[in-house]
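Please read this briefing with the sequence and the 3D structure side by side.

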Amino acid sequence: MKKQTHKILSLFLSLTMASGLCLPAMAAGEEPEPAEDGIVVLYTNDVHCTSDDGNSYAAIASYKAEMEADYGADSVTLVDNGDAIQGAALGALSKGSWIVDIMNYVGYDLAIPGNHEFDFKMDTFLDIVTNQAQYTYLSCNFLDDQGQPVLDPWTMVSYGDVDVAYVGISTPETLTKSAPAYFQNEDGEYIWGFCQGGDGQDLYDQVQATVDAAREAGADYVVALAHLGEDLQSSPWMSTQVIANTTGIDVVLDGHSHTVEPSKVVENADGEEVLLSQTGTKAENIGKLTISEDGTMTTELVALADVDTDSQAYQDASAFISGIQEQYTAMTEEVVATSQVDLTVNDPVTGERAVRSAETNLGDLCADAYRIMLGADIGWINGGGVRADIAAGDVTYGDIIAVHPFGNMVCLVEVTGQQILDALELGSMYVGAAENGGFLQVSGLTYTIDTSIPSTVELDDTGSFVQVTGDRRVSNVQVLDSETGAYAPIDPAATYSLASHNYMLKDGGDGYAMFGAKNITILQDEVMVDNEMLINYIKDELGGVIGDTYADPCGQGRITIRYADADFSAWYGEAARYAISKGVMSTTNGSDFSPTHEITLATMYQVLYNLAGNPDVETPTVTDTAGMWYDDCVNWAASMGLYESTQFGQDHAITRAQTAHIIATAAAAAGFPASGTSAGLEEAPDYADIPAEYLSGVTYCYKAGIMVGDDAGRQMPNNTLTRAELAQILFNLSQLVK
């Protein structure tokens with residue numbers, strides 16, 4: 001097969017000229033006969049400079065050479081799906097150029113811009129496209145102020161008599177995941193965009209028009225190179241949503257959400273199956289799309305750790321990369337401090353990234369650096385700006401750059417308490433559901449996030465903050481008085497000094513439109529680069545040693561997240577929200593809902609007591625509960641006939657059958673009629689397991705729709721009751737008595 005490439009300058013040109021622009025690729029020399037038939041597309045995404053200073057690219061070069069030997073060089077195409085040039089010292093110190101040099105050497109054919117391709121501003125990215133990259137950047141929805149594609153929307157590659165169209169799709173989140181100011185003129189007007197309007201429809205329409213153009217030009221297959229992702233926060237622009245709202249795409253090779261997705265099938269608008277794949281992040285894997293001669297298409301992931309490192313291709317690429325590394329190694333290996341503790345962006349229990357959804361000790365350190373170095377009331381940093389761990393021991397300049405690789409500039413501004421509250425609400429909008437790079441790590445501030453309250457933040461088409469339209473998730477916001485060391489409630493009408501970086505404060509990054517140059521008073525403008533500030537804080541304020549103050553990986557308790565362990569999208573989610581909002585159920589430890597924890601008898605009485613409005617009990621009759629947390633509720637239960645003994649004894653877990661008995665007894669005391677016969681309940685597979693003394697209660701709850709069992713009709717009468725089940729029972733009960 002002979003591989004050929006089109007370069008289409010605009011969507012209109014692609015419609016009218018595509019058939020005449022095929023040019024044969026130049027062969028490097030005679031090739032051995034390939035051992036395999038078909039077409040191979042190798043793909044990477046979210047490499048972020050790799051985790052090994054670029055060495056992973058040598059493995060990519062090796063695997064590419066292996067595939068070329070198997071299939072023939074003209075049957076193999078190497079593509080990148082965005083976020084390659086930023087994320088570590090290799091990118092930060094060269095503004096992406098060193099990564100581009102490596103990608104050129106390895107032999108990339110195509111790439112699309114992810115949001116981080118714009119982190120060094122528009123001029124730098126356009127210079128990379130025009131003067132540096134030897135591969136072609138594609139994006140059908142990166143448009144100028146005239147609505148024209150800035151890059152080629154698509155290109156055709158011919159493999160013998162098979163034509164494959166590659167369509168580039170960039171996430172509209174780029175406008176906020178990079179800095180909005182990078183896409184605006186001096187008057188703050190957008191002069192570049194990503195088809196971000198219409199609640200996703202503008203993007204779907206642009207993709208569809210591009211795919212249609214490629215099909216009309218004779219494409220046998222359409223492969224979308226996308227930087228869209230599958231995270232909820234990316235809706236309505238998730239790759240799955242683009243697939244569901246378009247036709248004509250065969251495969252989507254994705255990026256942005258760092259998902260490890262070897263192969264997934266998603267139905268398009270016509271109900272046809274589309275393959276979706278993504279490799280993860282930091283070059284742990286390379287993807288392989290195979291198009292067989294019979295048209296069968298498969299995707300898989302190959303771990304780069306398993307690739308042959310003895311090959312000539314690997315050795316040559318490694319030598320080239322080593323030459324680049326020598327240019328910055330001396331700087332990055334300089335020891336600037338010592339840490340007595342491990343500083344992390346991850347959850348210490350699960351090992352998963354936490355800095356974008358919860359407090360971490362490294363987040364605390366970085367936020368402290370902003371506040372203390374600039375003498376601010378409050379300091380904070382977006383979780384997406386804290387990129388790497390710092391291990392205990394020597395801390396190098398390279399370690400600090402890895403934490404703050406973007407080179408943001410430190411600023412001090414004056415804002416109102418209301419702006420602070422709105423920003424905290426924006427930062428917390430996805431907590432409990434998804435990660436968010438805009439989640440705020442704070443200093444000089446404490447606050448609580450209630451994940452049982454759905455976010456009511458309204459965003460515009462660019463993903464920027466507009467307003468809060470309803471209940472707020474954030475409460476108990478307290479600001480530190482640095483002189484007294486005491487915290488006091490924030491005053492929405494007061495002004496506070498806030499230290500952070502230009503990305504959020506001046507440029508509105510991560511959607512923080514309540515700030516921006518027109519909405520703040522700048523007190524100190526772009527004082528220093530963020531990584532230099534962090535170094536200076538550790539040296540000057542901490543004496544060069546990060547100590548036990550930052551020992552807890554979960555931070556110092558500045559951010560309290562309530563009900564983070566509850567999945568409000570699960571079967572019990574609506575019920576849990578109801579029980580919490582009505583004040584009849586709360587946390588088990590000040591923060592967790594604990595949906596799988598067992599319900600005890602005292603807890604059951606407490607919940608019913610809460611439902612009754614916590615009435616006074618005139619004459620306690622249960623004598624051994626005095627001083628216990630359940631004293632009032634147990635004596636109330638006794639007064640209602642729900643408990644018959646004068647001694648409570650040891651609190652204990654209760655079964656579903658016991659629960660039904662208690663609820664039926666309470667209903668009878670409240671005047672609700674009995675349910676009559678157990679007709680229908682006998683069909684339950686475990687009917688015989690219901691204890692006789694509780695049968696009438698189980699019958700009542702079953703007939704009333706309060707406790708109906710699982711999907712198979714099982715009542716599970718002797719199973720202990722969980723908190724999630726109790727929430728659902730309370731919700732069902734509320735529907736009954738409306």
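The notes below begin with the whole chain and then turn to selected strands.

This is a predicted model, in which local features need pLDDT of at least 70 and side-chain atom pairs count only at pLDDT 80 or more, while totals for chains, interfaces and linings use all residues. Residues are numbered from 1 along each chain as its sequence is written, and side-chain values use heavy atoms, with hydrogens and water left out.

**Overall form**

- The secondary structure of the chain comes to 21 helices and 30 strands, where helices (H or I, at least four residues) and strands (E, at least two) are DSSP runs numbered from the N terminus.
- Along the principal axes, the C-alpha atoms fill a box of roughly 95 × 65 × 50 Å.
- Among the contacts (heavy atoms within 4.5 Å) with a separation of 6 or more, 74% join residues 24 or more positions apart.

**Surface and charge**

- Of the 738 residues, 56% count as buried, a term that means under 20% relative accessible area with a 1.4 Å probe, protein chains only.
- The chain exposes about 29,200 Å², and carbon and sulfur atoms supply 47% of this area, which comes from the Shrake-Rupley method with a 1.4 Å probe.
- There are 29 positive and 107 negative side chains, and the centres of the two sets lie 4 Å apart; Lys and Arg count as positive and Asp and Glu as negative, while His and the chain ends are not counted, and each charge is placed at NZ of Lys, CZ of Arg, CG of Asp or CD of Glu.

- Strand β20 (residues 410–416) is mostly covered, since five of its seven residues are buried.
- β20 runs antiparallel to strand β27 (residues 495–501), with seven bridges joining them, and E414 has S497 in β27 as its bridge partner.
- β20 also pairs in the antiparallel sense with strand β28 (residues 521–524) over three bridges, where L412 stands opposite Q524.

**A three-stranded sheet**

- Three strands form an open sheet of mixed pairing, in the order β19-β17-β29, and the edge strands β19 (393–396) and β29 (545–546) each pair on one side only.
- Strand β17 (residues 335–339) pairs with β19 in the antiparallel sense over four bridges, and the bridge partner of S339 in β19 is G393.

Terms used
Buried means under 20% relative accessible area, exposed over 50%, partly exposed in between (1.4 Å probe, protein chains only). Two strands pair if DSSP finds at least two bridges between them.
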